[in-house]
Amino acid sequence: MVAEKKKILLVPLDPVHDMGLKLIRKALDDKGHSTVLLPPGMEPYEVVERILDEVEIDFVLVSRTLGYRVGELLARFVDLVEVSGLRDRVTLVVGGMAVRPELAAEMGFDAGFGPGTTPGEVVAFIEDRPFAYGGRAEASEGGKRDLTHGFSYVYRKKEIQKRLAAIAGDIMGWAANKTSPGVERARLRFQALNKGEKYREEFLEEYLDYCDELVVLSYKRKQLPDQTRFLAQDELHFLKQYQNWEGRSKAARSGIRKPDVFIQYGTGCPLMDIMHIKVCEAWGADGLVHFDPSGGARTEGLLEGYLAHGEDGTLLTWENLRLIKNFLAPNTLWQVRAHRGLNTPETVVLAGELGADLTKINMAYASLGAGMDPARITIDGVEAIRWAAHYDLPFDVVTNEELSGVPAHKAFAGMLIIAHLALQLGGRPILQPLFCRSPEVMIYGQMRDNYIDYNAAKILALQQIIDAPLWPGAPIGFLTHTEDRVQSSLTTALHASLARSLGVEAISIASSDEAYAGGPIAAASRVDTLRATHEAFRFFGRAGIQPTPRAREWSKELIAGISKVLKDVANSGSFVQSLYRGLLGGPEDGAYPGRVGRDTLLRKEKGKDV
Amino acid sequence: MQYAERILDAIDMETFILARDEGEAKGFMGRFLADLGFTDHDIVFLEQVGPGVRVRARAYIHRPGGSYGWLAEGDDNGG
């Protein structure tokens with residue numbers, strides 16, 4: 001529909017400044033409206049005379065920075081318009097620094113536009129149509145972004161490809177006759193979700209055989225773990241008022257489509273999560289990562305019901321996830337992590353059935369950084385990858401074992417093994433190098449001068465190895481944050497800008513509470529880093545961050561290190577034994593294979609212990 | 001307000017308020033500061049985005065040119 005053309009008088013009621021109005025005038029002219037821009041510094045009565053002189057003025061747009069006594073000046077202007085008999089004929093609008101809608105209304109204006117207003121926003125107001133803000137609006141035109149789109153997964157280092165093929169072949173051969181309680185629960189969960197409620201009793205009879213006592217008690221006696229409670233029906237009911245909430249949103253980028261910005265939620269309560277999600281979506285988050293509690297990952301089986309608890313991370317239940325999913329904006333990417341526990345395959349089934357966009361799997365990280373037994377998590381991980389492929393669910397291969405002391409080249413070797421295995425099984429992996437000030441760099445000094453070169457080297461190395469999507473995480477800037485919110489937001493924004501400069505597909509950012517361990521993250525702290533990232537993206541635009549030549553040198557060293565590790569793992573003949581023996585990170589690095597789930601594997605054919 | 005006397009000039013509070021608009025949030029925050037006993041306060045920043053309003057409120061303890069409680073406090077404690 002073509003908007004009706006309007007006549008607009010633009011009034012810089014300011015001694016000097018009229019730049020904002022010039023930009024707005026250009027936007028209005030481009031849309032075919034008729035505009036008249038007055039010179040700066042006119043008195044209110046002179047402006048009213050011009051309104052009387054002009055024919056059929058529809059809008060008067062006044063620009064003025066608010067300060068001492070300016071409110072009186074603007075109110076006097078409105079009064080003059082009123083006594084001149086013009087008030088019913090024209091719509092009065094004020095804009096400028098410190099202007100807020102409610103202040104504009106107090107002064108008698110019909111609308112007010114404050115700092116950050118775009119010319120397009122004003123044009124939309126003139127044309128009486130809703131304005132879609134920045135990046136999310138752009139995103140909504142194109143729908144959700146597939147982070148793996150356009151990547152060939154072609155290797156650029158054939159020797160590395162050959163070694164990965166050998167290792168992946170070993171994993172599949174070793175896993176062929178093995179299963180686990182986690183694998184079996186995933187199968188049962190899938191059947192239950194696809195057969196409906198009538199199947200429940202039959203499902204539970206078998207499912208609970210594979211669960212820990214804590215989970216069994218919750219199903220049979222509604223007895224929940226400590227600090228855990230069921231959400232009340234009225235709580236769920238009252239939350240509905242936010243379900244179809246639509247409001248003004250900010251963009252986390254300016255003009256450039258990528259990277260998508262993910263935040264991690266998981267306050268322990270799905271209701272609080274939902275409110276944090278709505279805040280983050282509004283402030284420019286493109287994607288959300290469901291953060292689950294570490295305790296749940298060490299328990300065989302998933303609880304059920306709408307559950308809240310008083311610890312970090314929100315419990316993975318079908319009901320909790322479905323509730324959260326129902327509140328997501330249509331274009332928000334949603335990741336349900338499956339990577340680090342005894343419920344890895346079942347979590348992928350939940351994610352797939354609920355229509356999540358992404359999951360997270362990495363057996364090397366899970367065993368070296370998250371306490372899982374290598375054999376158990378390898379079996380569960382292979383099955384999880386199969387489920388991810390079944391649901392066509394891309395997943396990132398996280399490398400947070402760097403935080404346990406594993407050097408980047410070893411963590412990357414593990415990541416590439418899992419990514420290659422995924423490709424063999426029909427999956428769509430996304431590489432997730434960690435942008436961090438890891439123990440490795442603290443010891444060896446790669447970040448003594450700057451945080452740019454070594455992070456850039458990681459990206460350059462992976463880009464030289466394979467044409468695959470990259471999603472630095474998780475979160476970027478790990479171990480550079482402090483409890484100071486300005487410092488924390490700034491370091492996040494700078495790491496985000498570096499990632500953007502390197503052309504990655506997505507990033508995961510922390511809140512400004514990242515380094516605060518005393519309690520839950522507050523919503524305002526999430527806004528801090530989203531806003532800082534937005535401003536940094538705006539500042540750099542298409543201009544890049546230039547690493548020094550050292551980045552290129554380190555990328556070559558990383559590739560050589562990765563290749564050497566893969567050779568050692570391939571020669572060992574066993575991925576799982578390589579994890580136990582520390583080839584992908586061991587005691588000399590400060591990393592030890594985990595023990596959660598040890599001795600729980602079953603023989604596939606007969607369901608017997610291996 | 002002995003502790004407050006040690007505040008150099010002002011105390012800021014920033015939060016996210018679920019509110020219909022900035023005016024409502026401003027009112028909530030002003031009343032909240034008054035309830036806390038702050039008589040000289042201002043709203044530094046308000047921005048409605050999403051399901052509520054980001055607010056930064058300020059309570060002045062010592063305005064420039066006023067009587068600085070921390071001068072006396074410093075003297076009491078030997079400077």
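Colleague: How many of the residues of strand β8 of chain A are buried?

Modeller: Of the 6 residues in strand β8 (residues 260-265) of chain A, 5 are buried, so the strand is largely enclosed by the rest of the structure. Buried here means under 20% relative accessible area, exposed means over 50%, and partly exposed is what lies in between, with a 1.4 Å probe and protein chains only. Strands are DSSP runs of E with at least two residues, helices are runs of H or I with at least four, and both are numbered from the N terminus. Bear in mind that this is a predicted model, in which local features need pLDDT of at least 70 and side-chain atom pairs count only at pLDDT 80 or more, while totals for chains, interfaces and linings use all residues. Residues are numbered from 1 along each chain as its sequence is written, chains are lettered from A and ligands numbered from 1 in the order in which they are written, and side-chain values use heavy atoms, with hydrogens and water left out.

Colleague: Which strands does β8(A) pair with?

Modeller: β8(A) runs parallel to strand β17 (residues 506-509) of chain A, with 4 bridges joining the two, and it also pairs in the parallel sense with strand β9 (residues 287-290) of chain A over 4 bridges. Pairing here requires that DSSP finds at least two bridges between the strands. On the β17(A) side, Asp260(A) has Ala506(A) as its bridge partner and Ile263(A) has Ile509(A), whereas Tyr265(A) stands opposite His290(A) in β9(A).

Colleague: And which way do the residues of β17(A) point?

Modeller: Ala506(A) and Ser508(A) point one way, Ile507(A) and Ile509(A) point the other way, and all of them are buried. In a regular strand the side chains alternate between the two faces of the sheet.

Colleague: What does Glu300(A) form a salt bridge with?

Modeller: Its partner is Arg376(A), and the closest N and O atoms are 2.7 Å apart. Glu300(A) lies in the loop between α13 (294-297) and β10 (307-309) of chain A and Arg376(A) in helix α17 of chain A, so the pair ties together parts that are 76 residues apart in sequence. Glu300(A) is buried at a relative accessible area of 7%, and Arg376(A) counts as buried at 0% relative accessibility.

Colleague: What about Arg598(A), which partner does it have?

Modeller: Arg598(A) forms a salt bridge with Asp373(A), with the closest N and O atoms 3.2 Å apart. Because Arg598(A) lies in the loop between α24 (575-581) and β18 (602-603) of chain A and Asp373(A) in the loop between α16 (363-369) and α17 of chain A, the pair ties together parts that are 225 residues apart in sequence. Arg598(A) counts as partly exposed, at 35% relative accessibility, whereas Asp373(A) is buried, with a relative accessible area of 2%.

Colleague: Which residues do salt bridges with shared partners join into one network?

Modeller: That network consists of Arg185(A), Arg189(A), Glu300(A), Glu346(A), Arg376(A) and Asp380(A).

Colleague: Is Tyr153(A) buried or exposed?

Modeller: Tyr153(A) counts as buried, at 14% relative accessibility, and its place is in the loop between α6 (134-142) and α7 (158-175) of chain A. Lys222(A), by contrast, counts as partly exposed at 48% relative accessibility, in the loop between α10 (213-221) and β7 (228-230) of chain A.

Note on methods. Salt bridge = Lys/Arg side-chain N within 4 Å of Asp/Glu carboxyl O.
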